[in-house]
Amino acid sequence: MTALCEIRQLRVTYRGQPAPALDGIDLDIRAGERLAIIGESGSGKSTFARALADLLPGGASVAGELRWAAGHAPRAGRDIGFVFQDPAASLNPVLTIGEQVAEGARRHLGLSRKEGRLRALEMLERVRLPDPEKTLDAFPHQLSGGQRQRVAIAAALAAKPGLLIADEPTSALDMVVQAEIVALLGDLVRDGGMTLVFITHDIALASGFADRVAIFRDGTLVEAGPTGRVLAAPRAAYTAALIASHRDLATPPLIGEAGR
Amino acid sequence: MTLLEAKDLCKRYASGGRQVAALDGVSLTLAAGETLGLAGASGSGKSTLARVLTRLVPPDGGAVRFEGEDWLALSGEGLRRRRARMQMVFQDVLGAFNPRATVGAVIGDPLRIHAVVPKADRAREVAALLDRVGLPASYAARSIRDLSGGQRQRVAIARAIAPRPALVVLDEAVSALDVSLRERMLELLVALQRERGIAYLFVSHDLAVLSAVSHRLAIMEAGRIVETGPAAQVIGDPRSPAGQALVRAVPVLKRPD
């Protein structure tokens, strides 16, 4: 697989912070892969996502290189779609869903108002929203959290970007909706031949769909590799600890024999 | 021994000109020292139930008996006094506090309000509670804003157990924490239950968390409890579609064979 982006010695320091939020990151993003960036709070995983999409706040200093295969930095909205944790933060409360989903497509694909609306309708269908026709004219507050995140995904993908970055897109949602959204993202990325960079704190969630995983901790890259290899034979003690602390329904309860 | 018995609780909200039932006839019982895990998706009514039981919002109908008393009939001084027996921990309950408040004041408040220990012993009791939740006594002088999320949740637990409650209602109390911290917090809650015989009503959308600590599970959907039973039974063989969806939604670590 060819590299979509080669990241070399990336360092990001936020204004007023003595220590970098991210330091010494060497990582390739391969064209067409599903890469999960896994880390706990303070690991730098969201900083990494923002640095990749050129969405860092003003005053953040960036050192190192992002070598894009295209030869130029990707254009936000056109080449990169971004889905945030909180869909409310990325949707405008006073615009209809249709207007917001069409916006990127109209700007980047040069569609007319009418074509934009049709594209928005097609996107709402693709993200499996119930009653897409009606949703076009709805406002964000009329939708549930999960539906809003579907809309945010539709808007991020409307201009057909080659790379989708999703930063904890399901952390604000309940687990049933999380499972649906993750399945949806996997399908959309596969069908569209896109590259997915998925930021998460949940190694089990990532293990369900990622081709490769990269483990971040305290602003550094702990290890990266194919999902199966990292889970079966983690090279870093931290990765092993992360795997060990995972809890699912097969994990013995903490209350011992009670409830059995 | 039955600690809490709720019967036919109803709560309606107006939404877009329509009446939406957040609670549609919910009944449950909780024994002393027991953990009931209450699972459900967003909007299922589980947080409304937690808020009705803790008397943060009044129900439109139904009854609650708690420690033999008509819990919903209590008001004023009587309610204030009895609140010591039913405490709560929310996702980031201390986020609502004055960020400059000290840890000592946050934990000391319920000790003072409920006169749990004589005034002269209050500082020592705060130190003992901090120690019990795994924080140094010196933290009493720190501001809430200087704590990490995990430390804040430990302080919230110390505050909740300070007035020696019989029941603590936990609403997504560990959901915002990193996995390693979350596990330690669950262990702490289980240890406190063993030592003090506290009952928990543990509300979460995460069945993996609930399965770690719950003796029994109740599944909520659309304002109703649609399934209830011993935790292992509900997880192993969920009967309701909502329970099946919650079981399926728990991410499983896919290790290669």
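Residues are numbered from 1 along each chain as its sequence is written, while chains are lettered from A and ligands numbered from 1 in the order in which they are written. Because the model is predicted, local features need pLDDT of at least 70 and side-chain atom pairs count only at pLDDT 80 or more, whereas totals for chains, interfaces and linings use all residues.

## The two chains

Let's start with the overall build. Chain A comes to ten helices and nine strands, and chain B has nine helices and ten strands. Both kinds of element are DSSP runs numbered from the N terminus: helices are H or I with at least four residues, and strands are E with at least two.

For chain A, with 260 residues, a compact globule would have a radius of gyration near 18 Å, and the 19 Å of chain A agrees with that.

## A sheet in each chain

In chain A, look for an open sheet of six strands in the order 5-6-7-3-8-9, with mixed pairing. Strands count as paired if DSSP finds at least two bridges between them. Strand 5 (80-83) and strand 9 (220-226) of chain A stand at the edges with a single partner strand each, so one side of each has no neighbour in the sheet. From one strand to the next, the twist averages 15°; angles here run from 0 to 180 degrees between N-to-C directions, with axes being lines fitted to C-alpha atoms, for helices over the stretch in contact.

Within this sheet, strand 3 (residues 34-38) and strand 7 (residues 195-200) of chain A run parallel and are joined by five bridges. Ile37(A) has Ile199(A), in strand 7 of chain A, as its bridge partner. Helix 6 (residues 145-157) of chain A packs on the sheet, where it touches strand 5 and strand 6 (163-167) of chain A, and its direction makes about 170° with that of strand 5.

Chain B has an open sheet of four strands, ordered 2-1-4-5, and here the pairing is antiparallel. Its edges are strand 2 (18-31) and strand 5 (69-70) of chain B, each with a single partner strand, so one side of each is left without a neighbour in the sheet. Strand 1 (residues 2-15) of chain B is joined to strand 2 of chain B by eleven bridges. Ala6(B), for instance, has Leu28(B) in strand 2 as its bridge partner.

## Helices that pack together

| Helix pair | Axis distance | Angle |
|---|---|---|
| Helix 3 (97-109) and helix 4 (113-126), chain A | 8 Å | about 110° |
| Helix 3 (103-113) and helix 4 (122-132), chain B | within 10 Å | roughly 120° |
| Helix 3 and helix 5 (149-161), chain B | within 7 Å | roughly 25° |

Helix 3 of chain B is therefore roughly parallel to helix 5 of chain B, a label for angles under 35 degrees, with over 145 being roughly antiparallel, 65 to 115 roughly perpendicular and the rest oblique. Val103(B), Val106(B), Ile107(B) and Pro110(B) in helix 3 meet Val155(B), Ala158(B) and Arg159(B) in helix 5. Residues are in contact if their C-beta atoms, placed from the backbone, lie within 7 Å. That contact divides into six nonpolar, no polar and one charged residue. (Ala, Val, Leu, Ile, Met, Phe, Trp, Tyr, Cys and Pro count as nonpolar, Asp, Glu, Lys and Arg as charged, and the others, Gly among them, as polar.)

In chain A, helix 3 and helix 4 are roughly perpendicular to each other. Their contact includes Gly98(A) and Val101(A) from helix 3, and Gly116(A) and Met123(A) from helix 4.

## Where the chains meet

How many residues of chain A are in contact with chain B? There are 33, and they touch 36 residues of chain B. Helix 7 (175-192), helix 8 (203-207), helix 9 (227-232) and helix 10 (237-244) of chain A each supply at least two residues of that side of chain A. Helix 7 of chain A gives the largest share, five residues. By type, this side of chain A divides into 16 nonpolar, eleven polar and six charged residues.

Note on methods:
Two residues are in contact if their C-beta atoms, placed from the backbone, lie within 7 Å. The radius of gyration is taken over C-alpha atoms; the globule rule is 2.2 Å times the number of residues to the power 0.38.
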